[in-house]
Amino acid sequence: MALVPSLTTSLSGMKTAQGQLDIISRNIANVDTEGYTRKTAGQNNLVLSGYPNGVSLGNITRNVNTGLLKSFLAANSQSGNLNSQYEYLSKAELLLGTPQGENAISANVGALQSAFETFASDVTSASGRYTLLNNAQTLASRLNSISTEIQKLRGEADMAITGSVEEINSLLEELDQLNQSIVKATVLKQDGLADLEDKRDQALRSLSEKIDINYFQRENGEIVVQTQNGIPLLDKEVHKLSHTAVAQSSPTSTYAGGEISGIYVDGQDITSRIKDGELKGLIEVRDVTLPSLQSQLDELAGVLKSAVNEAHNQGTAYPATPSSLTGTRTIIDAEKQRIKIEGGDVRFTIFDKDGKQAATVSLGGDLGFTEGTVEEMTQKIQDWLTSPDGADLPQAVAKIDNEGHLVIDTGDSEYSISIMDQVSSAAGSEQSSVTIKFANNNTTNYDREFSGFSSFFGMNDFFTTLNDESIYDSKVVSPNMNLGIKDNVVLGFSTTSQGINFGSITVNANDTLQDIVDKINDNPDLNSSLRASLVPNGNGYMLRIMTTSGEQLEISENRMNGDPSSGLLERLGMHPSNATTSSSIAVRSDIALQPTLIAGGAPEFNESSGEYQLNPANNNVANAMGKVFSETQSFGQSGTISQTDCTLANYASTFVGNIASQTSNAQSNLEYQQELTNSIATKEAKINGVDIDEELGQMIMFQQTYAACAKAFTASKEILDMLLNLV
């Protein structure tokens, strides 16, 4: 009777060997399949009623080191992060040029400096003027172009975030489907369980490149996926991410300010909680790296514009001396806004077509205006222009036009006008910029100070921009800074369309910067015209207040005449921002058409005649504009560059060098991280993967096992057949 059990045992051995050979063949067939892990199965000794009954094939299991897998997921997330940053830094570096290259923005600044110096050496040279104009336009155009491209890159990064979010959602759906299949296969003990787990691990690997993840497995075989910060992505059901890409990015579009959408899960904004992966790299590029570069570009353009304009406003073009001057500063309400002139006087001179004095007057000494409303000042100038005892120009006009700009027009093309600051009211006194104090309300509580009358009103600017003083920034501070006030302070806001003090907020001693932001954004009198936000900048934040329409904004402390200032605005360092300057800076349109309007010098006083005259060879203003480039300028903190004093060219070289350095570091870090990720993958492959030699050895062993069991089966069957025949 022992022959029957031997048949059963031999047959089970053959079946088990056949099952092992099937596993081996699958291993060998998938040796190059990405994500495939070596499969093995144990063997179980069958015992029935206390008697051995052969052997059976155990469950197919994977040879997986979960510790290495989790290490790979973390390293892969870091690689995805660095790859995103390197991609966009490389593009930014191409925009700016290499630090020492001829295509660098710093080279454009240097070329303009050379052009100003050449112009100063001979202001009568027509070619020198055209060279200066061409270099100025080239630099302005380059700044415009780089700014535009930076915003395009930010828009691309934001679109890439949307694409990455969609891929993450797709991978989470795939993981959810695999979870369901794995749970079913686990319950039913199906053969394909291990292969399903391989597919799930591969999906986890792909997911880790997009976002930082962690996971754990439940007893039923399903996994729960979370971010490193514990945000659920997959737990029984998919928690999908959502993000709406910005239609068009601008220098003032920020995630912090709400112009750029966050990344949401279950209605919660998780943008700041994403720690790694492609998403983190794209967020870093969109919200930190490129905005930092944009602010540096704007700071360069802003300082360039202010310094050159201040110098150019000191001079007068000749022989193309203009008969009409129009300012660039917007006066919101000339009847309420006041100015006070200190440290000298302002002289207006009318010249005939030969550059000889026709009339001259000092604003303070002769016209008696040193303090008052802008309207009162304008009327004084108007009266002098038309008076027979003054300039005697009946058609002349001095006014604030419909756009809020100061206009002074002789009304006669035969007569031109010049504005010059002097240390005193006496004719022929030394040229020197006066101090202009400005009060937004009709009080003597002056809020701001400026250098130079013509410069303040922008009567003879060289560079112009759009949206002048529509944005105010604080200095870089901690969001929890102590405001340094004891009593409540009322801040009033004025814009061109809304008028003087169309709304206000009350700041309390215990308020934070966020409280100020909320009070502006929640105020129905203000929020249709203003928007406030805390903008990241370097190691801190700036309080930003801007008009929604791009019109002139004035911020002042509302107090009674003579009351001392609380110092809140000064403590915050609120000032007109340079944001967006690089995107719109341009040479003044009439100068671009007529380079002879470039001022080379100021009027000269002839001691013999006691009159002013225009000299085409005078180059004192041209020299002053050249010194703008050779002398150090003050630059505020902008992104990664702290507040500093240096030349314009050095500042440009600094941020060009910074981007080049960041790109190089990102490349090195990426190469290191990719090597680390690959080394983990290689180690995984050695432990988890298929070794052909090992499989061939196993195959020979199970072939022999199968053959031996077959022989035992055949021998037992022959003996049994013989016995049956005998019976």
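Start by selecting residues 489-495, which form strand β22 (strands are DSSP runs of E, at least two residues, numbered from the N terminus). Six of its seven residues are buried, so β22 is largely enclosed by the rest of the structure. Buried here means under 20% relative accessible area, worked out with a 1.4 Å probe on protein chains only.

A quick note before you go on: this is a predicted model, where local features need pLDDT of at least 70 and side-chain atom pairs count only at pLDDT 80 or more, while totals for chains, interfaces and linings use all residues. Residues are numbered from 1 along each chain as its sequence is written, and side-chain values use heavy atoms, leaving out hydrogens and water.

Click valine 490 and you'll find its bridge partner in β23, threonine 506.

Next, select residues 553-557, strand β26. β26 also runs antiparallel to β22, joined by five bridges. Where does threonine 495 find its bridge partner in β26? Look at leucine 553.

Last stop: threonine 349, in strand β12 (residues 345-351). Threonine 349 is buried, with a relative accessible area of 2%. Show side chains and look for its polar contact with the side chain of threonine 360, at 3.0 Å; a polar contact is a pair of N or O atoms within 3.5 Å, and within protein one must be able to donate a hydrogen and the other to accept it, with residues adjacent in sequence counting only if both atoms are side-chain atoms. Leaving aside neighbours within four places in sequence, threonine 349 is in contact with residues including Gln357, Ser416 and Tyr612 (contact means heavy atoms within 4.5 Å).

Methods. Buried means under 20% relative accessible area, exposed over 50%, partly exposed in between (1.4 Å probe, protein chains only). Helices (H or I, at least four residues) and strands (E, at least two) are DSSP runs, numbered from the N terminus. Two strands pair if DSSP finds at least two bridges between them.
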